[in-house]
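Me: I would like to learn how to read a structure like this one. Could you take me through a few features?

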Amino acid sequence: MRDLVKSVSYAARATDERVTYLRIYADAEGETHMEDVDVKLLPRTFFKDHPPLCLTDTFAATGCNLCRVPAGMGVVDWHNPPRRELVIWLTGEVEFETSDGDIRRLAACSIVLAEDRTGKGHISRHPAEGQLVVHVDLC
């Protein structure tokens with residue numbers, strides 16, 4: 001990964017009112033872009049006699065898997081995700097590059113909505129030691 005891009009922790013940006021994730025998407029011309037998306041959190045009581053938890057609305061999903069990105073994966077050149085996915089990076093930093101030239105490095109515990117299923121796709125750069133990732137297949 002490049003040393004020029006500073007790592008950002010999306011988990012550290014969360015508050016009791018909102019959580020932020022990185023969205024990767026393609027426009028009508030096939031160029032890919034990234035943007036930060038804030039999602040509102042709402043208080044919901046889960047446990048009697050305890051303060052409410054702060055939750056987003058439910059994301060409709062068709063499946064979920066745990067993934068070990070192997071050590072030495074390195075750079076995955078231009079690619080599109082196989083489906084619309086919410087990806088949660090549990091360990092290690094990851095760097096993304098889109099066709100518009102934007103490059104972002106995310107710290108562990110960051111959330112990415114990968115929905116550039118068409119267009120030029122994106123590049124991902126992974127640490128030498130590998131990573132643990134959760135993929136949530138969205139409807």
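Me: Leaving aside its neighbours within four places in sequence, which residues is Asp137 in contact with?

Reply: Some ground rules come first. This is a predicted model, where local features need pLDDT of at least 70 and side-chain atom pairs count only at pLDDT 80 or more, while totals for chains, interfaces and linings use all residues. Residues are numbered from 1 along each chain as its sequence is written, and side-chain values use heavy atoms, with hydrogens and water left out. Contact means heavy atoms within 4.5 Å. Here, Asp137 touches Ala61, Thr62, Gly63, Arg83, Arg84 and Glu85 in that sense.

Me: Is Asp137 buried or exposed?

Reply: Buried means under 20% relative accessible area, exposed over 50%, and partly exposed in between, using a 1.4 Å probe and protein chains only. Asp137 has 12% relative accessibility, so it counts as buried.

Me: Where is Asp137 found?

Reply: Strands are DSSP runs of E, at least two residues, numbered from the N terminus. Asp137 belongs to strand 13.

Me: What is the order of the strands in the open sheet?

Reply: Two strands pair if DSSP finds at least two bridges between them. The 6 strands of this open sheet follow the order 3-2-11-8-13-6, with mixed pairing. Strand 3 (32-40) and strand 6 are the edges; each has a single partner strand, so one side of each lacks a neighbour in the sheet.

Me: How many bridges join strand 2 to strand 3?

Reply: These antiparallel strands are joined by 9 bridges, with strand 2 covering residues 18-26. Within strand 3, Asp36 stands opposite Leu22.

Terms used:
Helix = DSSP H or I, 4+ residues; strand = E, 2+ residues; numbered from the N terminus.
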